[in-house]
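Visitor: Before we start, I would like every label tied to its cut-off.
Guide: Then ask about each label in turn.
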Amino acid sequence: MKLGKKIVVTIGVLLSALLCVNMILYTPASADGNTKLKTSKNDISSETVNMHQGVSMSYAQIVQTYSDEYSVSLYSDKWKKFKSHAEMVKNCQLEDEKIQRMSTNELFNVVMAYPLLIDVFLYDDIDQGIKNVSQQYNGLRELLKRDDLQDVLYHKYLTYSKTEDVIDYNIYTANSIQKAITDNHISKRNIYIDFLNDKIPQIEKSMLDNYKYTDKERQKIINKQELLNDQQNAITFAAARADETVIVKTPKGSKIKCKRKASNKKNSTKDVAQQKLAYPRATYVSTGYSKNNCHAYAWTGRQDIWMQSPVLYVSDGSYKAIKGRPKSNGQIAVWGSYTHSAIVTNYGTQDPTVTSKWGGGHIWRCGASYCPYNGPICYYGR
């Protein structure tokens with residue numbers, strides 16, 4: 001089945017929303033180091049499990065149950081030895097024959113346990129992330145083809161959101177970040193759950209905007225949103241102001257329209273640990289700003305604007321393609337059709353070292369082939 005652009009966006013939002021909502025059922029380890037997986041008394045019934053084939057599993061349970069489908073784990077010594085993103089992706093592919101035998105629900109759960117699922121969040125937006133990751137990873141690619149995916153996700157989404165879980169989750173998140181760093185009893189998996197917390201409000205709002213629900217279905221989701229997001233949404237939307245258009249010029253004078261987004265702020269450092277877990281060979285540089293992307297950072301050096309595309313820097317002749325390797329520091333690396341941009345900071349290393357902003361997130365330094373993006377890498381200079 002070929003999906004239209006709107007349907008891909010809808011599925012992306014739904015997939016991301018569930019990924020975030022699953023977090024609320026997880027509680028930290030006990031003092032004796034034993035991990036607790038908490039479910040509400042209303043969460044799991046035999047009828048629900050039979051109807052939706054286990055949709056009431058929490059995210060932590062899904063990872064524990066389905067991570068064995070992969071030949072390698074983020075937490076293994078083997079993972080630390082991978083020298084390129086392509087090598088990581090190759091070792092995380094699923095057997096095609098096994099994928100075809102999986103139900104949509106089972107495949108969804110396996111995708112949720114994908115070691116590089118964090119890549120979805122390292123693009124300019126989640127929909128773009130899902131599109132690009134599906135091009136690399138056969139599990140997500142097959143999942144997006146399933147005719148019943150939206151129905152499965154809708155039922156999964158409504159399965160989670162019990163009041164008592166939200167209370168427990170709020171207590172957990174208030175204390176988990178420091179513990180995740182200092183307490184040996186807490187699993188590294190907790191860090192991933194913390195990483196997803198900030199994604200909930202905007203994802204759920206987008207889901208309401210993009211998916212064609214019945215009035216009854218929409219009301220159920222609105223009720224759940226109010227339960228989960230009232231406090232955070234109030235803060236987010238009260239601070240919102242109109243974005244400003246900013247014009248930047250290429251060296252040859254071409255004008256590029258950028259955005260100075262009103263809600264631009266320094267990112268939280270709580271995401272750093274999870275990204276370092278997935279990319280142990282990358283060096284953390286700084287938090288970066290939430291409304292500043294890789295193109296603006298690499299081509300202008302600014303952290304207060306968002307640039308949709310830097311193509312004019314090349315098309316007007318300000319920068320020219322370099323054959324082969326970069327020839328000096330300060331040149332620009334570009335992935336695919338301007339999927340990602342980075343600054344060359346050590347052209348002499350075997351894998352040229354680049355510094356770049358990963359989506360709207362942090363700034364990292366690593367070998368160019370180690371960056372979490374696909375497509376051929378081309379270098380440009382003045």
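Visitor: What makes β5 and β10 a pair of strands?
Guide: Two strands pair if DSSP finds at least two bridges between them. Strand β5 (residues 320–322) and strand β10 (residues 377–381) share three bridges in the antiparallel sense, so they meet the definition. Lys320 is found opposite Gly381 in β10. This is a predicted model, in which local features need pLDDT of at least 70, side-chain atom pairs count only at pLDDT 80 or more, and totals for chains, interfaces and linings use all residues. Residues are numbered from 1 along each chain as its sequence is written, and side-chain values use heavy atoms, with hydrogens and water left out.

Visitor: How many bridges link β6 to β10?
Guide: Four bridges, again antiparallel, join strand β6 (residues 332–335) to β10. Ile332 has Tyr380 of β10 opposite.

Visitor: Why are β1 and β4 called edges?
Guide: The open sheet has three strands in the order β1-β2-β4, with antiparallel pairing. β1 (244–249) and β4 (306–307) each have a single partner strand, so one side of each has no neighbour in the sheet. Strand β2 (residues 255–260) pairs with β4 over two bridges, and Cys258 has Met307 in β4 as its bridge partner.

Visitor: What counts as a helix or a strand?
Guide: Both are DSSP runs numbered from the N terminus: helices are H or I with at least four residues, strands are E with at least two. On that basis the protein chain has 17 helices and ten strands. Asn138 lies in one of the helices, α9 (residues 138–143).

Visitor: Why is Asn138 called buried?
Guide: Buried means under 20% relative accessible area, exposed over 50%, and partly exposed in between, with a 1.4 Å probe and protein chains only. Asn138 has 8%, so the label is buried. Of the 382 residues in the protein chain, 52% are buried.

Visitor: What is Asn138 in contact with, beyond its neighbours within four places in sequence?
Guide: Gln93, Leu94, Asp96 and Ile99, where contact means heavy atoms within 4.5 Å. Leu94 is 44 residues away along the chain, yet the two C-alpha atoms are separated by 6.7 Å.

Visitor: What makes the link between Asn138 and Asp96 a polar contact?
Guide: The term needs a pair of N or O atoms within 3.5 Å; within protein, one must be able to donate a hydrogen and the other to accept it, and residues adjacent in sequence count only if both atoms are side-chain atoms. The side chains of Asn138 and Asp96 are joined at 3.1 Å. The Asn138 side chain also reaches the backbone oxygen of Leu94 at 2.7 Å.
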